[in-house]
Amino acid sequence: MMKSAVKWRVSYMPQKINWDDIAHEAETGKIYRADYKDKHGRTVLVLRPGLENTTSGKGQIKYLVYCLEKAIMNLTEDQEKMVWLTDFQSWTLGSTPLKVTRETVNVLQDCYPERLGLAILYNPPRIFESFWKIVKPFLDHETYKKVKFVYSSDKESQKIMADVFDLDKLDSAFGGRNPATFEYNSYAERMRADDIKMGSSFKSNGITLPQDHSHVSADKEANGGDSDASSEASFYSGTDSPNHEEGGSIPA
């Protein structure tokens, strides 16, 4: 598992993705890290799939990976999991191609196992039911248990929001009292600061990020043939999972 995990990270180089590589993907606020955490100190990723603004599945997954890396980097010291908060405003069946959805599930389950603490689907439209029936088989049992449906008109499900979030900090779109909305320019500043922080973190751990990794042999790295691979494994403490193409899924 560790060898496959290192192989995926060395091959994909998620930590090398920076804001300027994916800035265009973020323009609409379709995925962003909230400026608050939940009551357990977990980083919150807000997803608005109805605001999809690009057609490249490869670029969309690259942006997702970037967001996951930054979410993990901003966890509190005593926390290892994150929360996904999905807003279905403007969502239609055409908003989320099935291929990208499946790849998103694979990345989360196989490359970031045990990183998801909770996934809230907020006010999904009735038409989402048919989409959910298709997606559900992609999820392993542990991931499925972490998915909660919450409706603004249902007082019982609203208790989930009050239990998990400080409502003074939570976006009003999710039933909170915070009127702030996504603002691209200020978010870009936060992400560039995160890029600098991540680069400094790697340097302090003795890890050098190569300028061009197209020539790197993933098999050599995964088998301990290079110091960067062992440093990568040490830095992430074995928390990343194998590439989903290497074998079975591991719970998210």
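Which residues of helix H7 (residues 155-164) are buried? They are Ser 157, Met 161 and Val 164. Buried means under 20% relative accessible area, exposed means over 50%, and partly exposed lies in between (1.4 Å probe, protein chains only).

This is a predicted model, in which local features need pLDDT of at least 70 and side-chain atom pairs count only at pLDDT 80 or more, while totals for chains, interfaces and linings use all residues. Residues are numbered from 1 along each chain as its sequence is written, and side-chain values use heavy atoms, with hydrogens and water left out.

**Chain overview**

- The secondary structure comes to 10 helices and five strands. Helices (H or I, at least four residues) and strands (E, at least two) are DSSP runs, numbered from the N terminus.
- The chain has 252 residues, and 48% of them count as buried.
- Among contacts with a separation of 6 or more, 81% come from residues 24 or more positions apart. Contact means heavy atoms within 4.5 Å.

**Helix H7**

- Ser 157, Met 161 and Val 164 are the buried residues named above. They lie on the same side of H7, because they cover an arc of only 80° around the axis. The arc is that of the directions from the helix axis to the C-beta atoms.
- Lys 155, Glu 156 and Asp 163 are exposed on the other side of H7.
- The buried residues of H7 pack against E3, E4 and strand E5 (147-150).
- At the start of H7, a side-chain oxygen of Asp 154 comes to within 2.9 Å of the backbone nitrogen of Glu 156. A polar contact is a pair of N or O atoms within 3.5 Å; within protein, one must be able to donate a hydrogen and the other to accept it, and residues adjacent in sequence count only if both atoms are side-chain atoms.

**Helix H5**

- Phe 128, Phe 131, Trp 132 and Val 135 are the buried residues of H5 (residues 128-135). Down the axis of H5 they fall within an arc of 100°, so they line one face of the helix.
- The partners of these buried residues are H4, E4, helix H6 (141-145) and E5.

**The H3 and H4 pair**

- Helix H3 (residues 57-73) packs with H4 at an angle of about 30°, and their axes are 10 Å apart. That makes H3 roughly parallel to H4.
- On the H3 side, the contact is made by Gly 57, Gln 60, Ile 61, Leu 64, Val 65 and Leu 68. On the H4 side, Val 100, Glu 103, Thr 104 and Val 107 take part.
- H3 passes H4 in a right-handed crossing.
- Axes are lines fitted to C-alpha atoms, for helices over the stretch in contact, and angles run from 0 to 180 degrees between N-to-C directions.
- Angles under 35 degrees count as roughly parallel, over 145 as roughly antiparallel, 65 to 115 as roughly perpendicular and the rest as oblique.
- A crossing is left-handed if the near helix is turned anticlockwise from the far one by less than a right angle, and right-handed if clockwise.

- Thr 86 sits in strand E3 (residues 82-87). Its relative accessible area is 9%, so Thr 86 is buried.
- Beyond four places in sequence, Thr 86 touches Leu 47, Pro 49, Ile 120, Leu 121, Tyr 122 and Phe 174.
- Ile 120 belongs to strand E4. Ile 120 is buried, because its relative accessible area is 0%.
- Ile 120 and Val 83 are 37 residues apart in sequence, yet 7.8 Å apart in space, C-alpha to C-alpha.
- Leaving aside neighbours within four places in sequence, the contacts of Ile 120 include Trp 84, Leu 85, Thr 86, Lys 148 and Val 150. Ile 160, Met 161 and Phe 165 also touch Ile 120.

**Loop residues**

- Met 13 is in the loop between helix H1 (2-12) and helix H2 (19-22). Its phi is near 55°, a positive value in a residue other than glycine. Met 13 counts as buried, at 7% relative accessibility.
- Glu 114 is in the loop between helix H4 (98-111) and strand E4 (116-122). Glu 114 also is not a glycine, and its phi is positive at about 60°. At a relative accessible area of 38%, Glu 114 is partly exposed.
- Asn 178 is in the loop between H7 and helix H8 (184-204). With a relative accessible area of 16%, Asn 178 is buried.
- The side chain of Asn 178 reaches the backbone oxygen of Lys 169 at 3.0 Å.
- Not counting residues up to four places away in sequence, Asn 178 touches Leu 167, Asp 168, Lys 169, Leu 170, Asp 171 and Ser 172.
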